[in-house]
Amino acid sequence: MKQVFIVLGMLVGMASAIFLPPFPQTDMSNGVIQAKIYLPDSTQGYYQGVRFDWSGVVASLTCNGHSYFGQWFEKYDPKLHDAISGPVEEFTPIGYEEAKPGDDFLKIGVGSLRKSADSPYRFATPYPLVNPGNWSVKKKADEVEFIHELTDAAGYSYLYRKTLKLLRRKSTLVLEHSLKNTGRKPIETTVYDHNFYVIDNQPTGPDFSVTFPFNLQTNEKARGLGTLFETRNNQVAYLRELTKGESTHCYLTGFGDTAKDYDIRIENRKTGAGVHITSDQPIAQLAFWSIATVVCPEPYVRIKAEPGKEFTWKITYDYYTFPQAASK
C-alpha cells in the first residue's frame, strides 16, 4: 500500500508538471535548501482562491535529500479554496458578522470580498473578490518579499509585508511578517499557518509523529480520535495509515500564553526527515487536521494593530534528519 501511494503521488506531480501552465513563480536557494515559490497574480496565478493569503505559496522545498511540500490534493482549480501548498496562512475574516448581504468584508492577504448571503462565514464559499489590492514582489537568490497594499477595502487599509528567507548555509526557512494599519479602523484578527506537510510523499500513518512541548488535551468527539489517531502525553500518534476519504480533525489545548509553547516537531521515522516549527508569538488556538496525503498542525496567532500602528511576527522552520527506523 505504501509503495502504491508513493507512486500515485509521483504520478500526480508528473501530471501537474505536464498539463499545468507556467504559473508566475521564482526559485530560491541558499545551497542547502532549494524551493520553488508561486507568485500572486489575479489572472495567471497558481492560487486565485479567496481563503488563503496569496503570498508565500511554496510549490516545493527540498533539503538534504528530502522533500517537504507538494500537491496533496487530487483536483486542481486556481479558484478552489484549498488548491494550495506549503506553509500557507489564512486570516480570520474581518467585518463579516456586521456586513449585510451585498456589503464587503476583509480577508488580509486576499482583499475585500462581498458577502453573498445572510449566513455564517464558510471558508469554502467562493465569495466575489471586489478589491484585490496591489501586490509587489522583491526577489533575491535566498529571499522573496511580498508586499500587499490595500486601501479602503471594506473600510480598512493596510500595508502587509511577508518575507520568505533562507538563512545563510543553514537548513532554516524563516517567515517574517508585518502588518501596518494605514486606515482609520483598528484591525483585530487571528492568522494560522496550515502547514501542508507532505514529507517525502509518505502516506499519513504510524511512521509520522507530531510533538509539542506540553501535554495535549482534546475533545472526546474529535474526528478520528481512538480510531485513526490518539494523543500520548505531548504527542499526536497515528494508529494506522489513513485511506482515501478519511481525515482527522480536532482542536488541541494544554499550551500556555508564551511563545515557548509554539514549538512543534513533525517527523517521519521511515525516511528520517523532520521539521521543527517555532515562533516569536504565543499560540492563540491550535487545530490539527490530516488526510491520507498530508499532515497539518495549525497554530493560530492573535493580531492587533491600531490605526497607524504595526504588528510583527515570525515563524521559523528548521529542517533536519535523524536515524531512520529499521525496516520491518
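Is Lys107 buried or exposed, and at what relative accessibility? I looked it up: Lys107 counts as buried, at 0% relative accessibility. Buried here means under 20% relative accessible area, exposed means over 50%, and partly exposed is in between (1.4 Å probe, protein chains only).

Ground rules for my notes. This is a predicted model, where local features need pLDDT of at least 70 and side-chain atom pairs count only at pLDDT 80 or more, while totals for chains, interfaces and linings use all residues. Residues are numbered from 1 along each chain as its sequence is written, and side-chain values use heavy atoms, with hydrogens and water left out.

Next I went for salt bridges (a side-chain nitrogen of Lys or Arg within 4 Å of a carboxyl oxygen of Asp or Glu). My search of the whole structure turned up 13 of them.

I checked Lys162 with Asp53, a salt bridge at 3.6 Å, N to O. Lys162 sits in strand β11 and Asp53 in the loop between β2 and β3, so the pair ties together parts 109 residues apart in sequence. Strands (E, at least two residues) are DSSP runs, numbered from the N terminus. I found both Lys162 and Asp53 buried.

Then Lys244 with Glu74: a salt bridge at 3.1 Å, N to O. I have both Lys244 and Glu74 down as exposed.

Back to Lys107. Its salt bridge partner is Glu90, with the closest N and O atoms 2.8 Å apart. Glu90 is in strand β5 and Lys107 in strand β6, 17 residues apart. Glu90 is buried too, at 5% relative accessible area. I also noted that salt bridges with shared partners join Arg51, Glu90 and Lys107 into one network.

Definitions and conventions:
Helices (H or I, at least four residues) and strands (E, at least two) are DSSP runs, numbered from the N terminus.
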